[in-house]
Amino acid sequence: MNTRPTILLADDHVLVAQGIQKLLEPEFELVKIVPDGRALLKAIEECPPDVAIVDISLPLLNGLDASRQILKHNPAIKVIVLTMHSEQSFVAEALRIGVSGYVLKQSVGSELVQALQEVLNGKTFVSPIVAD
């Protein structure tokens with residue numbers, strides 16, 4: 001029986017997704033990697049994870065709109081936005097729709113792991129770079 005938290009990753013950059021997979025493998029079970037917002041919603045329906053890591057700039061359906069739908073239909077799933085967008089407007093919108101974490105892609109890898117640990121413990125995590 002697997003007791004590691006399950007993660008679903010939505011990122012359309014294969015290299016980024018593979019890097020994240022390597023980073024998370026020791027502590028987390030990456031159940032699926034999807035390349036767009038629609039595939040994300042389908043994957044959530046088929047196999048709801050503990051946490052969805054979602055890029056904002058996804059094709060077909062952007063990450064914020066997909067996250068809004070996930071949280072509306074599956075409030076138990078934690079969503080962490082992983083993005084290059086550090087603008088306050090993006091951060092504010094993400095938190096307003098109820099995401100549990102906001103991590104910048106330029107952050108160090110350990111920050112994503114820390115974000116996962118914190119949201120799984122019911123906390124909210126925002127990259128220090130954008131927190132202020």
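This is a predicted model: local features need pLDDT of at least 70, side-chain atom pairs count only at pLDDT 80 or more; totals for chains, interfaces and linings use all residues.
Residues are numbered from 1 along each chain as its sequence is written, and side-chain values use heavy atoms, with hydrogens and water left out.

Now the buried side. Buried means under 20% relative accessible area, and in helix 2, residues 37-46, that applies to Gly37, Leu40, Leu41, Ala43 and Ile44. Viewed down the axis of helix 2, they fall within an arc of 165 degrees, taken from the directions from the axis to the C-beta atoms, so they line one face. Helices here are DSSP runs of H or I, at least four residues, and strands are runs of E, at least two, numbered from the N terminus.

What covers these buried residues? The cover includes strand 1 (6-10), strand 2 (29-34), strand 3 (51-54) and helix 3 (63-73). Between the helices, Gly37, Leu40, Leu41 and Ile44 of helix 2 meet Ala66, Gln69 and Ile70 of helix 3, contact being heavy atoms within 4.5 Å.

How do the two axes of helix 2 and helix 3 cross? They come within 9 Å and cross at roughly 15 degrees, with axes fitted to C-alpha atoms over the stretch in contact and angles running from 0 to 180 degrees between N-to-C directions. Helix 2 and helix 3 are therefore roughly parallel (under 35 degrees).

Terms used. Buried means under 20% relative accessible area, exposed over 50%, partly exposed in between (1.4 Å probe, protein chains only). Angles under 35 degrees count as roughly parallel, over 145 as roughly antiparallel, 65 to 115 as roughly perpendicular and the rest as oblique.
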